[in-house]
Amino acid sequence: MGGKVLEYETKTIFREGMREGKREGLQEGLREGRFENLLQNLKKLMQKMGISAEKAMDLLDVSEEEREELAKRI
């Protein structure tokens with residue numbers, strides 16, 4: 001009987017791990033998608049309005065944290 005209990009617990013832990021992994025993956029995907037969208041909007045704003053990256057980020061209210069990463073990818 002002990003084997004069945006352990007097997008059940010193992011499956012339960014595995015399922016919870018899978019759910020958590022999916023949840024984290026979805027959140028990461030949404031963050032990355034938002035960031036890519038922000039990057040594209042930033043580039044379009046710079047190109048169409050002829051403004052600097054700094055000015056475009058100001059207009060889009062980009063956080064300081066995101067500015068560093070965006071600056072690397074422009």
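E66 lies in helix α3, which spans residues 64–73; helices here are DSSP runs of H or I with at least four residues, strands are runs of E with at least two, and both are numbered from the N terminus. The model is predicted, so local features require pLDDT of at least 70 and side-chain atom pairs count only at pLDDT 80 or more, whereas totals for chains, interfaces and linings use all residues. Residues are numbered from 1 along each chain as its sequence is written, and side-chain values use heavy atoms, with hydrogens and water left out.

E66 counts as buried, at 16% relative accessibility; buried means under 20% relative accessible area, exposed over 50%, and partly exposed in between, with a 1.4 Å probe and protein chains only. Beyond its neighbours within four places in sequence, E66 is in contact with R34, F35 and L38, contact being heavy atoms within 4.5 Å. With R34 there is also a polar contact between the two side chains, at 2.4 Å. Such a contact is a pair of N or O atoms within 3.5 Å; within protein, one must be able to donate a hydrogen and the other to accept it, and residues adjacent in sequence count only if both atoms are side-chain atoms.

The loop between α2 (53–59) and α3 contains D61. D61 is not a glycine, yet its phi is positive, about 55°. The relative accessible area of D61 is 68%, so this residue is exposed.

M49 belongs to helix α1, residues 2–49, and is likewise exposed, with a relative accessible area of 53%. Together with L59 and L60, M49 forms a nonpolar surface patch of about 280 Å² accessible area.

How many helices and strands does the protein chain have? It has three helices and zero strands, in the order α-α-α along the sequence. Its radius of gyration, taken over C-alpha atoms, is 22 Å, well over the 11 Å from the globule rule for 74 residues, so the chain is more spread out than a compact globule; that rule is 2.2 Å times the number of residues to the power 0.38. Along the principal axes, the C-alpha atoms fill a box of roughly 75 × 20 × 15 Å. Of the 74 residues, 18% are buried. Among contacts between residues at least 6 apart in sequence, 45% join residues at least 24 apart.

Methods. Patch = residues over 30% accessible without salt bridge, like charges linked within 9 Å, V, L, I, M, F, W, Y side chains within 5 Å. Areas by Shrake-Rupley, 256 points an atom, 1.4 Å probe, with all protein chains shown as cover. Salt bridge = Lys/Arg side-chain N within 4 Å of Asp/Glu carboxyl O.
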